[in-house]
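Here are my notes on this model, point by point. Please read them with the structure open.

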Amino acid sequence: MADVVVLLVAINQEGLRVPMKPYHLLDFSDPETITICKTMSDADMGGFSKVALEQIPATASEPAHARFHGSISIDLPPNRPQIQRSGYAAWRNKDRGPTLFGKSLWDVDPYLFLALRIKSDGRKYFVNVQTESIVHTDIHQHRLYAQRPGEWETVVFSWSDFVRTNYGQVVEPQNEIMKQKVRTVGIGLTDRVPGPFDLRVAGIWATNRMDDADAHSKESETSAID
């Protein structure tokens with residue numbers, strides 16, 4: 001609610017313009033988008049989870065989208081005693097190439113929300129955002145709440161509700177996300193429940209319109225990472 005009030009105040013201030021068109025970060029209607037993304041899983045350290053990210057063309061009933069799918073295994077790699085936990089899969093965009101002005105980063109500071117068009121299987125996914133923060137391994141996370149698993153829906157989260165983590169653990173202080181310098185966005189599955197997973201993503205964008213959502217959780221009642 002506080003974000004909505006801020007937006008209304010900003011719109012009503014004389015001479016101030018708030019962008020109302022979406023700012024697309026990853027749009028999978030463009031087949032080239034998937035070529036700038038990468039997958040990760042415990043298999044990178046010898047584990048047995050499987051992960052894939054593939055482009056699915058549009059049909060009469062579905063939009064073009066990326067299909068994030070595979071299977072989770074919590075079996076530990078043999079002869080690697082230093083690895084005590086396994087069972088995760090994720091994807092994100094690759095680091096973008098440099099420009100004449102330095103690193104290529106997204107500036108989403110004019111926007112209050114992050115929106116995703118998804119079709120979920122109902123598993124416990126997280127939206128992951130990396131910025132040019134002082135601690136390079138920090139990831140800001142928000143639980144990806146699906147209200148209608150098995151159906152296409154748009155979900156919207158406030159940037160201010162993302163939680164700072166490092167290697168999967170909540171860390172303090174909870175610095176505000178550096179919205180002027182967003183480096184990567186992606187989605188991870190860390191519920192460590194063995195078995196298949198399947199999440200479809202048509203697009204990810206920044207917005208100032210909470211009504212981009214078909215339905216969204218009451219963020220004041222539910223933790224962003226529970």
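1. Terms first. Two strands pair if DSSP finds at least two bridges between them. Strands (E, at least two residues) and helices (H or I, at least four) are DSSP runs, numbered from the N terminus. This is a predicted model: local features need pLDDT of at least 70, side-chain atom pairs count only at pLDDT 80 or more, and totals for chains, interfaces and linings use all residues. Residues are numbered from 1 along each chain as its sequence is written, and side-chain values use heavy atoms, leaving out hydrogens and water.

2. The open sheet. It has 7 strands, ordered β2-β5-β12-β7-β8-β10-β11, with antiparallel pairing. β2 (37-41) and β11 (169-170) are the edge strands, each pairing on one side only. At the β11 end, 2 bridges link it to β10 (residues 163-166). Thr165 has Val170 as its bridge partner there.

3. Strand β12. Of its 8 residues (182-189), 8 are buried, so the strand is largely enclosed by the rest of the structure. Buried means under 20% relative accessible area, exposed over 50%, partly exposed in between (1.4 Å probe, protein chains only). β5 (residues 89-93) pairs with β12 over 4 bridges, antiparallel. In that pairing Ile187 faces Trp91. β7 (residues 125-131) joins β12 through 7 bridges, also antiparallel. Thr184 is the bridge partner of Gln130.

4. The cores. A nonpolar core is a set of buried Ala, Val, Leu, Ile, Met, Phe, Trp, Tyr and Cys residues joined through side-chain atoms within 4.5 Å. The largest has 36 residues; Trp91 and Ile187 are among those with the most contacts inside it. β13 gives the largest share, 5 residues. A second, separate core has 6 residues, including Phe113 and Trp205.

5. Leu144. Its contacts (heavy atoms within 4.5 Å) include Leu116, Tyr125, Ile187 and Leu199, not counting residues up to four places away in sequence.

6. Aromatic pairs. Rings of Phe, Tyr and Trp (its six-membered ring) pair if their centres lie within 6.5 Å; planes under 30 degrees apart are stacked, over 60 edge-to-face, the rest tilted. The count is 5. Tyr23 and Tyr111 have ring centres 5.7 Å apart and planes at 25°, so they are stacked. Tyr23 is in β1 and Tyr111 in the loop between β5 and β6, so the pair ties together parts 88 residues apart in sequence. Tyr23 is partly exposed at 27% relative accessible area; Tyr111 is buried at 10%.

7. Which residues form one aromatic cluster? Phe68, Tyr125 and Phe197 do. Phe68 and Phe197 are both buried.
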